[in-house]
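Subject: Handing over a structure, with notes

Dear colleague,

Please look through it first and then read on.

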Amino acid sequence: MKELYVKIKESLLSALPITLIVYLLALTPWFNLSGTELLTFSISAVMLILGLGLFGLGADLAMTPMGTYVGSGLSKQRKLGLLLVSCFVLGLLITIAEPDLQVLASQVSSVMNGTMLIYAVGLGVGAFLVIAVLRIVFRRQLSNILMLFYMLLFAAALLLVVNGNMNLLPLAFDSGGVTTGPITVPFLMALCVGISGVLGDHRSQENSFGMVALCSIGPILAVLLLGAFTNNNLSYTVPDYAADGDILESYLHTAAHTAKEVAIALGMIVLFFGICQALFLKLPKRRLIKIALGVVFTYVGLVMFLTGVSVGFMPIGYKLGTQLAAVHPALLVVLGLVMGVLVVLAEPAIHVLNAQVDDVTSGAVSKRSLMTGLCIGVGASIALSVIRIIFDFSLVYYVIPGYFISLALSLFVPPVYTAIAFDSGGVASGPMTSTFILPFVTGICVAIQGSDAVLRDAFGVVALVAMTPLITIQLLGFKSVISQRVRERRAMKRILDADDQQIINFM
């Protein structure tokens, strides 16, 4: 209970800023909320806070230990084929059941078959999870692998141009962000830590990260290929974001649907863990009881969180975008920047990432510096998305220079910063982005450019949220390198300038 109290306190501090900004905007003439909408949003905010707290505790008790045990247990079998097949199946199953991906598939069902999209993304994650494990086994540097696959990715993007489906490019890049959701991230990161601990070398600190980064490439590549070889109807229809009149019915219906989705997603992981436990883990009963309790906390927390953001935050985000589009464009850009910063604080998987980074790097990459880098990056990405909507230009003008800078920085910073940065990009684009920010920019796009431009201009925001932290966090690494060299030069200068008489002769 003491740990739960600490987690709820942390989630309150995380979710309070974005809740307060909605209340403050409701007091201005720019944004009008009805009494029902205000009540719904308030209930959802409470659910979000409680859900975040329960999820955080559950991740500590169950998700992270399960991933670590499975990763180390599979690695200790010393059977590469078993490890690779297990990782592929695991990546496929948990991606298919990922709630964030289900949300994205439902929002683009008028453009692409939702089931086909989900399975294509699942195959992409499974394949690149295998590549991530092979990187650890054969001890390859992450930056070289990233460069190779991003070149392939941009080559596949050219196929969309040739096929005339350029408007699917933002959707493809968004799919890479939503697959790394609150269920997938804690487990996959811990799985990577477990595998790296057994099979890694002296670079095990670097190898502990990078799995989420590689797993984010697979979905983008899969959707690009899917779009290149299929003729799609590009008449996008904006989903109905309107809040239901009956609050209780809306919450019960959404909670029932969400509970089923989360149960399937968590069930896949628990089933996989149960098989590993029966075959080779053989953990003591006391530890299993603790993990089971953590699974319950994770389940209840995620159901509360996802229900709250779906019922209260998604409609409010869309309405906020449509109504604020009438104000000055510069104010919209500033508001987008603020929204991005606040959303980072409320993302559940961000807190898991922070804890693991601080633990693995022994405080070398502090929680504060990582959070600062993420806030700046995500805030900038939302602001850039709003600018793109206002001036109506292609996502390519952001993506190509952005990834070029990211990959170029990887040549000059310590490898662990590159791995953390690319993981952070996937983690930052979580459920708050897909259920609050995406409807927010969709509302702005509908009000300024019309509903026909939503697929072209509004989508891509998740991709930018996943991209900008790559630059900001690697810049932190670059700064640390420069600072270290400056300190070394100063120390050497003090040694050279020292008085010879101060040197003690031991002869």
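Leaving aside its neighbours within four places in sequence, which residues is S72 in contact with? Before the answer, a word on the basis of these notes: this is a predicted model, in which local features need pLDDT of at least 70 and side-chain atom pairs count only at pLDDT 80 or more, while totals for chains, interfaces and linings use all residues. Residues are numbered from 1 along each chain as its sequence is written, and side-chain values use heavy atoms, with hydrogens and water left out.

With those neighbours set aside, S72 is in contact (heavy atoms within 4.5 Å) with G194, I195 and V198. S72 has its place in helix α2, where helices (H or I, at least four residues) and strands (E, at least two) are DSSP runs numbered from the N terminus. S72 counts as buried at 15% relative accessibility; buried means under 20% relative accessible area, exposed over 50% and partly exposed in between, with a 1.4 Å probe and protein chains only.

For the whole protein, there are 20 helices and zero strands, and 56% of the 507 residues count as buried. Among contacts between residues at least 6 apart in sequence, 87% join residues at least 24 apart.

Two helix pairs deserve a description. The axes of α2 (residues 35-76) and α11 (residues 247-281) come within 11 Å and cross at roughly 5 degrees, the axes being lines fitted to C-alpha atoms, for helices over the stretch in contact, with angles from 0 to 180 degrees between N-to-C directions. The two helices are therefore roughly parallel to each other, a term for angles under 35 degrees, whereas those over 145 count as roughly antiparallel, 65 to 115 as roughly perpendicular and the rest as oblique. Residues of α2 including T36, L39, M63 and Y69 meet residues of α11 including I247, Y251, F272 and L281. By class, this contact of α2 with α11 has 17 nonpolar, four polar and no charged residues, where Ala, Val, Leu, Ile, Met, Phe, Trp, Tyr, Cys and Pro count as nonpolar, Asp, Glu, Lys and Arg as charged, and the others, Gly among them, as polar.

In the other pair, the axes of α16 (residues 396-409) and α20 (residues 461-496) come within 9 Å and cross at roughly 30 degrees, which makes α16 roughly parallel to α20. The contact is made by residues including Y398, V399 and L409 of α16 and L464, M467 and L475 of α20, and by class it has ten nonpolar, three polar and no charged residues.

Ten of the ten residues of helix α7 (residues 169-178) are buried, so α7 is largely enclosed by the rest of the structure.

Lastly, M371 lies in helix α15 (residues 367-391) and is buried, with a relative accessible area of 14%. Not counting residues up to four places away in sequence, M371 touches V344, L345, I350 and N354; M371 and N354 are 17 residues apart in sequence and 7.6 Å apart in space, C-alpha to C-alpha.

With best wishes
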